[in-house]
Amino acid sequence: MNHAAERSPFAARSVLAAIAALATFSVLAAGNGCSDSQQAAPPFPDASPLDSGSPDAQLPIDGGDGADATDMRHGAPSDKYPAFQVKMPRVESKGGPVIAAPHFVLITFPNDPMADALETFVADFLKSPYWTATTNEYGVGAATSTNVRLQETLPAQWSDVGPWLRGKLDGTHSELPASNENTIYVVYYPPGARDPDTQHDSMACTEYGGLHASITDTGAAPIVYARIPRCLEYNGTIGFDALTIATAHELVESATNPLESSKPAWVGLAADSQEWAFPFGYYTREFELTDLCFAMPPVKPLGLPYFVQRSWSNAASAAFRDPCTAGVDEVYFNSIPALPDRIQVYDPVSGQIVETPGIILPLGESRTIELSLASDGPSQAWTISTTEFFSPKPAKFLVKELDRTSGRNGEKVYLTIRWAEPAGKNSQTHATILNKLGNRTTFWPFPVVSPE
Ligand SMILES: [Zn+2]
């Protein structure tokens, strides 16, 4: 039985606390993976002009009426979208199977006041453009659902939802359809139910809003399932919204990475996209598709009157659309830092050194980083700010100064950074560019280290 269940990206809090003693990585000492979790989400670096001859990207706004050198440095708005060629991040398959035609079996218990609403939500959700946009490119097609309302109450003492489910599928319980290669069971805990797994009970609704897992030692088809605790609040959402968000998350991931432990499939950023993993906690953790968009605000996709979470699309990312897709037609925008250095960063969880693009910033010096502003269509100017992950609030490890705080496609903005005291040798932080336009936020993370 495998319970490498997935949870929110910030489940490693206690592990991070343990690194406080690591003197050589002093800037991480007070790290808390949650520090900026509500503000940011996914993305990456390496911006260069689309081609060096691109007039849109290179022309000064107007050379003839007194534009000075500073203006020329900032370029001009362009009607070529995106104005710059951008290397975008991607998730890689580990080679395991996906469930091509998922059939979700929704299991509720008696007197669940939300059973009707949850069943209706899932049926609508699976027919929505969101489902196609978040799963189709990974080999997952149309999905269906069946509703099972158990007559029994959840036992007060049960060992775990996995063994409980397995017992239900021993061939003597006609109330549950047998598992085949397309089946994914979704167990909705009734209000007030405790997670049978003590560890998970303590984390339910704080560290995770849902889990998916698989049982692979049955000798028959693996049993793939998700469990959704009844959270009144999770990750800033409350009531029914918290349940639809958690359900959408687990449905996408259980189909795209059903054998998450034994034969993982779509999980983990590619090696050349590792800098994008850090805002979620650490470099070497393998994030599933929806985890990567955990920090983005929930959305109501077109035609779906429910809040769901955005989920990662390699196709969208490759096309410089929002990698955290919701199946919605919207302009994507970002400010991409030029990262000239190949650096080594320390992963506090695995203890490994990970190589990524980034910035080497000597102590006592400052460096100026060029940000290339790009969108995939016309937009208003967006505002630009910066933040850092893994730094104790309110203190930050870097002093960061932007020479402009807004701009649009084709323009350039310059960020100057230096270490704040008391940075030392081997200091390390993860700076992030935040872009805001209306109610949308995008970001671009990049690591900064000091030389030894
Ligand atoms: Zn997840």
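**A mixed sheet and the helices beside it**

S214 stands opposite V224 in β8, strands being DSSP runs of E with at least two residues and helices runs of H or I with at least four, numbered from the N terminus. The model is a predicted one, in which local features need pLDDT of at least 70 and side-chain atom pairs count only at pLDDT 80 or more, while totals for chains, interfaces and linings use all residues. Residue numbers start from 1 along each chain as its sequence is written.

Strand β8 (residues 223-228) and β7 pair in the antiparallel sense over 5 bridges; two strands pair if DSSP finds at least two bridges between them. Both belong to an open sheet of 5 strands, with mixed pairing and the order β5-β4-β6-β8-β7. At its edges stand β5 (144-149) and β7 (211-215), each with a single partner strand, so one side of each has no neighbour in the sheet. From one strand to the next, the twist averages 25 degrees.

Helix α8 lies across β4 (103-108), β6 (183-188), β7 and β8, and runs at about 165 degrees to β8. Such angles run from 0 to 180 degrees between N-to-C directions, and axes are lines fitted to C-alpha atoms, for helices over the stretch in contact.

Helix α8 (residues 239-256) also packs with helix α4 (residues 115-126), at an angle of about 40 degrees and with the axes 11 Å apart. The two helices are therefore oblique to each other, a class left for angles that are not under 35 degrees (roughly parallel), over 145 (roughly antiparallel) or 65 to 115 (roughly perpendicular). In this packing, A117, L118, F121, V122 and F125 of α4 meet F240, L243, T244, T247 and A248 of α8, contact requiring C-beta atoms, placed from the backbone, within 7 Å. By class, this contact has 8 nonpolar, 2 polar and no charged residues; Ala, Val, Leu, Ile, Met, Phe, Trp, Tyr, Cys and Pro count as nonpolar, Asp, Glu, Lys and Arg as charged, and the others, Gly among them, as polar.

Most residues other than glycine have a negative phi, and most peptide bonds are trans. N111, in the loop between β4 and α4, has a positive phi near 65 degrees. N111 is exposed, with 10 other C-beta atoms within 10 Å; 12 or fewer make a residue exposed, 20 or more buried. F320, in the loop between α9 (314-318) and β13 (324-325), has phi near 55 degrees, yet F320 counts as buried with 21 C-beta neighbours inside 10 Å. The peptide bond from Y81 to P82 is cis, with omega near -10 degrees.

Conventions:
Two residues are in contact if their C-beta atoms, placed from the backbone, lie within 7 Å.
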